[in-house]
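Please keep the sequence and the model in view while reading.

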Amino acid sequence: MHQPHDQVRPSIYYRYQVFDAWLPSRHSKTQKHQVVIAGAGPIGLVAALELARHGVASVVLESERQVSEGSRAIVFTRRSMEILQQVGVADRITQNGLPWRFGNSFYRGQRVFRMEAPFDDNDRFFPMINLQQQYLEEYLLDACRATGLIDLRWGNKLASVSQDATGARLEIDTPEGPYTLQADWLVAADGARSGIRSAMDLKLEGNSYEGRFVIADIRVDLPLPTERLAFFDPDWNRGNTVLMHREPRSIWRVDYQLPEGETPEQALAPESLRQRIDAQLAMIGHAGTPWEMDWCSVYSARALTLPDYVHGRVLFTGDAAHLLPIFGVRGANTGFQDAQGLAWRLALVAQGLAPAALLESYSTERVGAAREIIDEAGKSTRFMTPPTQGFRLLRDAVLSLSLTQPFVGPLYHWRTSRPHEYRASPLNCAGDDNALFAAGPGHGAPPANVQLGPDDYLLDHIDHAFTLLYFSAEKAVSEALLAVAHAARQQGVPFSILAIGSSETVHGADQTLADTGSAVRLRYGVRAAGAAYLLRPDQHVCARWMTLDAERLQAALQTATMTTPTPSGVHA
Amino acid sequence: MTHAISNALDVAGLENVYDALATAIDRAGEGKSELFLVKLALLNAHALGDPQQMRAHIDAALQDL
């Protein structure tokens, strides 16, 4: 019998709430559901919320009875915020988080590199914002409740999975014993130690690195701005690296590498933590400042991915699908893109609007993204935790040179998480004008945001539908284009037309944006009226045209949903 | 930039570098000479501005160790 921890987790700043366990005796004996999500972490919850936007209900299983212990993922990127805006929690994160865009690298007391992440008027969100994961989960849980479509089952531990061609059979353990649940689809969002991944005996591919890091969250008042601080080879931890991040509520994340040969137990011993944190505060000129520990943990730098995220009826996402080094904030920020990429496809497939093959494109795109990240992360990891004598020598040579030679500075900048461009996606339209555009987001790229007015941005106007950005000078959308839109909606595929560039409402469009300063046209490389972009429900571009016509729109929609024309199609 | 243009040292120049390097390695001292040489290689690579040529030098230097 599963007995989840029922005591409120300790924290000096976050008030945990223990939720009632979901008990099978109080519910229907027959448990058959379209979509079951294992794991109520940020990725599982974003997947559930995205599905709900498409009208697909889900059951979310969570073995614990409260949100995550400790701050865990604390840095969210602009693209994550754009995704979180879609599921309705970005405002609360903005209200409570700490935005930032500068990173500083120090060696021998000297700042040897300053990273400045770009930020311009067209961005609604900062490049990064810091907020403890517990708050994010709380906001997501509130949003889940508001949908009425998400059945969150606290204290429900997935014990075993078996599947056939039609679905998965889940054995679930609860505080009053087990029950069985039948699911058409199981989303494995059960984290880095995914029980589903182990039970299915799936192997991750990639590299594990030697370096292990302590993460400690302390409450301390430091008169410092919200910027990332990285210290290389500090006197108190020779040869290793120390990172600091500011979190809301006067909490600071101190992140330092363990000396070689030290065990996690030794590193987490209170005396060891005290000495090292005191030494770090002394090094930054705040010796003796009182501080209090909230939470600490040890992690190792790994760069691993499953080679395939789709296994029959089981779909892997987030850390269950890959383990990525946290340098460059690649954990949760990669996971949000996974969840977003998975959910719209699963919604279409579960509703019978697209073939199951559409899910394969989720795997292709996101495994490709993970492999790119692993490649990039390998570079920063080799700098942070040199794996061999050669890498150590080079790193030390760069540290030494950086005091007088600025040309090596950029080597301090580990590339941070960024949205991926699915240039080779099978969902990209083959017969469009992609290659003719000199600017704007190309095939598979995420959309570019544009400021339209005070507190008004292009992405605010885009929802979960396929969205046609239609740059038209006409007073009305043509009958032929409207027929394509109508046919898609009739089938159940969400489709929306956003007319851009007219001061008067364009008839037939769902929204009209005047674009008086031509900012949208410029950013999207549009030179003449009649051009259009088709965005998938995850907002990535799947087609763009210099001049759009109904036939080409229809073809792009079929490619993006992997559906073939039916005899009773729009041209009938 | 073309590789045909030769910036090769004349004998006097080579002798000059020979002595300067040897003296600097001694000055860096045991335990620091490797670090010194890697720093020097990176500075030279930066000045060379050509990763292909640098790789050729790396391969040449790896021979007959």
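**A walk through chain A**

Strand β23 (residues 495-500) of chain A pairs with β24(A) in the parallel sense over three bridges. Helices (H or I, at least four residues) and strands (E, at least two) are DSSP runs, numbered from the N terminus, and two strands pair if DSSP finds at least two bridges between them. Within this pair, A:I500 has A:L513 in β24(A) as its bridge partner. The model is predicted: local features need pLDDT of at least 70, side-chain atom pairs count only at pLDDT 80 or more, and totals for chains, interfaces and linings use all residues. Residues are numbered from 1 along each chain as its sequence is written, while chains are lettered from A and ligands numbered from 1 in the order in which they are written.

The two strands belong to an open sheet of five, in the order β24-β23-β22-β25-β26 (chain A), with mixed pairing. At its edges stand β24 (511-513) and β26 (541-545) of chain A; each has a single partner strand, so one side of each is left without a neighbour in the sheet. On average, neighbouring strands of this sheet are turned by 20 degrees against each other, direction ignored. Helix α13 (residues 550-561) of chain A packs on the sheet and touches β22 (466-471), β25 (531-535) and β26 of chain A. The direction of α13 makes about 165 degrees with that of β26(A). Here, contact requires that the C-beta atoms of two residues, placed from the backbone, lie within 7 Å. Axes are lines fitted to C-alpha atoms, for helices over the stretch in contact, and angles run from 0 to 180 degrees between N-to-C directions.

A second open sheet has three strands, in the order β3-β7-β4 (chain A), and its pairing is antiparallel. Its edge strands are β3 (75-77) and β4 (98-100) of chain A, each of which pairs on one side only. Neighbouring strands are turned by 30 degrees against each other on average, direction ignored. β4(A) and strand β7 (residues 128-130) of chain A are joined in the antiparallel sense over three bridges, and A:L98 stands opposite A:N130 in β7(A). Across β3 and β7 of chain A lies helix α2 (residues 78-86) of chain A, running at about 80 degrees to β3(A).

Another set of pairings involves strand β5 (residues 102-107) of chain A, which is joined by six bridges to the antiparallel strand β6 (residues 110-116) of chain A. A:F106 stands opposite A:R111 in β6(A). These strands form a hairpin with two residues between them, and A:R108 in the turn has a positive phi of about 50 degrees. Five bridges also join β5(A) to strand β13 (residues 228-232) of chain A, and these two run parallel. The bridge partner of A:S105 in β13(A) is A:A230.

Where does A:L136 lie? It is part of helix α4 (residues 133-147) of chain A. A:L136 is buried, with 29 other C-beta atoms within 10 Å. A residue is buried if 20 or more other C-beta atoms lie within 10 Å of its own, exposed if 12 or fewer, and partly exposed in between, with C-beta atoms placed from the backbone. Not counting residues up to four places away in sequence, A:L136 touches A:P42, A:I93 and A:L131. The C-alpha atoms of A:L136 and A:G41, 95 residues apart along the chain, are separated by 9.5 Å.

The domain assignment of chain A gives domain 1 (30-97 + 128-205 + 303-376) and domain 2 (434-561); such bounds come from an automatic or database domain assignment. The contact between them takes 13 residues from domain 1 of chain A and eleven residues from domain 2 of chain A. On the side of domain 1 that touches domain 2, the elements that give two or more residues are α2 and α8 (331-350) of chain A. α8(A) gives the most to this side, with four residues. The C-alpha centres of the two domains lie 29 Å apart.

Finally, the chain as a whole. Chain A has 13 helices and 26 strands, and 50% of its 572 residues count as buried. Residues 24 or more positions apart account for 74% of the contacts in chain A with a separation of 6 or more. The C-alpha trace of chain A spans about 75 × 65 × 40 Å along its principal axes. Eight residues of chain A are in contact with six residues of chain B.
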